[in-house]
Amino acid sequence: MNPTRLAFLRSTLCRHFRKDPLSARPFEGLRFIDVGCGGGILSEPLARMGATVTGIDAIEKNIKIARLHANLDPTTSTIEYCCTTAEKLVEEQRKFDAVIALEVIEHVADAAEFCKSLSALTAHEGATVVSTINRSMRSYATAIVAAEYLLQWLPKGTHQWSSFLTPEELTMILKRAGVDVKEMAGFVYNPLTGRWSLSDDISVNFIAYGTKEK
Amino acid sequence: MNRIFATKAGSDVYRLRIPWRPFSNDAAPLLSSQNAGNPEKGSEAKQYDIAIVGGGMVGLALACSLASRPLTRHLNVAIIDSNPALGRKHFIKKEDLPDPRVSTITPATISFFKDIGAWQFVEQHRHAYFDKMQVWDYTGLSYAKYNARDADKEVLGCVVENKVLLSSLLSRVQETVLPKKIYPSRLNSMSILPNSSSSEVDSMLSMTALFTHGRLAKLELEDGNSLYAKLVVGADGGKSRVRELAGFRTTGWNYSQNAIICTVEHDVENHCAWQRFLPSGPLALLPIGDKFSNIVWTMSPKESSEFKSITEDNFLKAVNHALDYGYGPHPTPSILGSSDLFSWLKGGISKSANDCFEIPPKVVKLASERMAFPLSLRHANDYASKRVALIGDAAHTVHPLAGQGVNLGFGDASTLSSVISEGIAVGTDIGEVSLLKKYEADRKPANVMMMAVLDGFQKAYSVDFGPLNILRAAAFHGAHHISPLKKSIISYASGEMRLPLFA
């Protein structure tokens with residue numbers, strides 16, 4: 001799924017920051033934060049695309065692994081990894097041009113507060129990107145039953161279906177936090193080719209890009 | 001398995017990498033003890049994004065293709081080839097006689113060359129478009145004539161000398177901004193270590209450290225130079241050293257046939273490609289331009305040494321005989337009944353269906369030496385592994401009977417450069433196996449299909465057996481008269497369809 005998420009990020013953020021989409025490192029000079037970075041699978045490609053990346057995760061082990069892996073490539077060894085939370089960074093008054101929180105919001109206790117933190121971290125005229133899983137019948141069948149029980153791609157209990165957000169709910173809480181959702185897309189898996197692709201179908205996995213006006 | 005890992009949460013993937021540490025601890029001391037013996041050999045080893053081993057037509061085509069894409073045009077490329085011609089500016093003189101080593105370029109390849117900006121250079125030298133083709137065999141039972149207009153095209157292909165293709169690609173790559181360096185040497189050894197993690201926090205990691213942790217491949221050349229690269233591309237031909245060093249296994253067999261190639265001259269211009277299947281192999285006559293043609297005559301190794309050593313006059317007589325009444329009669333349309341047999345399948349009259357059988361123009365002079373080389377089919381079981389990808393003959397060699405070989409290689413170069421460009425767009429490390437396997441997944445089915453078709457033809461024509469001869473003749477007849485079939489055949493051979501018969 002990662003290349004597909006990166007394709008969406010590249011397309012929307014190049015447009016947002018008015019950068020040349022045909023450049024190999026379009027995000028040169030921009031500060032990005034990868035909230036819930038895990039092992040760094042999103043932070044590293046973003047760094048290779050030129051961004052100054054900060055990766056944060058609440059779990060110390062993930063940060064350790066991410067740092068070890070990123071140190072091996074001069075382009076990614078500049079990523080700043082911290083074991084902290086979005087809320088703590090807000091207290092430190094950090095600001096970023098783009099705040100990216102992919103597949104995180106379904107795991108937090110209070111989604112509305114989380115969105116407020118994301119918004120507070122976003123600089124003026126910056127972008128916020130959130131991706132998560134929709135709360136729908138289809139997502140129950142695919143993300144819970146299929147992914148956790150049948151195919152066992154994820155350990156059982158990774159996700160709580162009741163804490164999934166619908167696109168409308170996500171848009172609303174982001175709006176209340178000061179972020180205007182401009183574009184949304186879905187990720188669709190083709191079991192025959194084993195590939196993920198971007199699509200208009202937001203019924204299971206979806207991603208939303210919004211801008212901070214004030 | 002890789003796909004399933006990729007869709008798991010990111011942390012799982014990296015947790016799996018940690019166990020490699022014990023291996024790297026063993027490897028690192030080994031390397032440093034080796035280096036201790038050879039301090040700074042060959043001075044500073046440089047680091048490149050891509051090392052293309054083999055600066056032949058396909059290797060240079062890859063370089064041109066990378067140079068023509070916005071996302072890859074600033075990649076640092078090293079080209080390793082000991083051919084001195086790569087260091088010279090212009091090595092073709094207009095007065096030169098045509099070289100016997102030529103390739104038949106399909107329309108798909110012509111359009112690839114135009115995209116990468118190299119076709120303009122080809123047009124400055126000798127090249128021959130052809131729009132007609134005639135194929136028949138020794139049994140005289142049938143023939144097939146193809147005309148480009150049957151598939152609404154202008155040309156069926158273009159015959160170009162290999163040295164012209166090479167020089168055009170070289171000229172093009174030299175005028176682009178792609179940062180490149182040509183190493184006039186051969187590859188001696190190559191090593192790629194498994195991935196491992198580093199506990200050092202050091203943003204100025206040396207190339208040696210990156211190599212030790214599996215982030216770069218190290219190449220050692222015969223002249224003592226070394227270089228590091230994120231990706232090594234094996235474009236070094238049928239006896240690929242990269243393929244050997246990387247441990248790729250191959251499948252294949254020798255055809256127990258040799259091909260004799262030479263340039264011949266006619267009294268008249270030749271605009272048609274001729275191929276006659278003889279009992280021991282096909283004889284092809286391809287126009288090169290200026291009343292010259294190229295001959296590719298496939299035969300058994302014994303016959304090939306005979307034909308190489310007979311006098312020029314006798315050789316020319318043999319060629320004319322083989323193209324005319326030698327080995328069997330001319331095909332006449334009445335043998336299998338007239339075209340009414342297939343009229344219900346015709347689906348529109350193909351323009352060449354009513355063309356009569358013609359005898360190819362007589363060969364009057366030999367314009368080059370006769371060269372012979374053995375034919376085989378070879379296919380690498382994989383095209384890609386960590387930090388290595390194979391393109392062109394290094395990945396696959398085919399029978400020359402349909403002039404497809406180098407076109408498959410150009411297709412590989414085009415696809416690999418597109419896959420690398422897509423990888424850069426999403427910030428991937430270009431040496432990652434998952435990215436390179438995308439290239440393999442695109443090209444392997446198409447290449448294997450073409451090889452199967454060509455091998456099928458080769459086997460079908462190596463047997464002289466009554467009923468099989470009639471079957472082949474019926475196939476010819478069908479291809480000649482059934483225009484949707486003819487259109488498909490032309491489209492497939494032109495490189496426009498990846499798989500035959502499936503749109």
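The reply below follows the pairs one by one.

Reply: Happy to! This is a predicted model, so local features need pLDDT of at least 70 and side-chain atom pairs count only at pLDDT 80 or more, while totals for chains, interfaces and linings use all residues. Residues are numbered from 1 along each chain as its sequence is written, chains are lettered from A and ligands numbered from 1 in the order in which they are written, and side-chain values use heavy atoms, leaving out hydrogens and water.

A salt bridge here is a side-chain nitrogen of Lys or Arg within 4 Å of a carboxyl oxygen of Asp or Glu; over all chains the count is 29. Helices (H or I, at least four residues) and strands (E, at least two) are DSSP runs, numbered from the N terminus. Buried means under 20% relative accessible area, exposed over 50%, and partly exposed in between (1.4 Å probe, protein chains only).

Let's begin in helix H13 of chain B. B:Arg443 meets B:Asp412 at 2.8 Å, N to O. This pair links distant parts of the chain, since B:Asp412 belongs to helix H12 (residues 405–425) of chain B, 31 residues apart from its partner in H13. B:Arg443 is buried at 10%, and B:Asp412 is buried at 0%.

B:Lys437 and B:Asp382 form a salt bridge at 3.5 Å, N to O. B:Lys437 is partly exposed at 29%, and B:Asp382 is partly exposed at 32%.

B:Arg241 and B:Glu244 meet at 3.2 Å, N to O. They are separated by about one helical turn because they lie three residues apart in helix H9 (residues 241–245) of chain B. B:Arg241 is partly exposed at 29%, whereas B:Glu244 is exposed at 53%.
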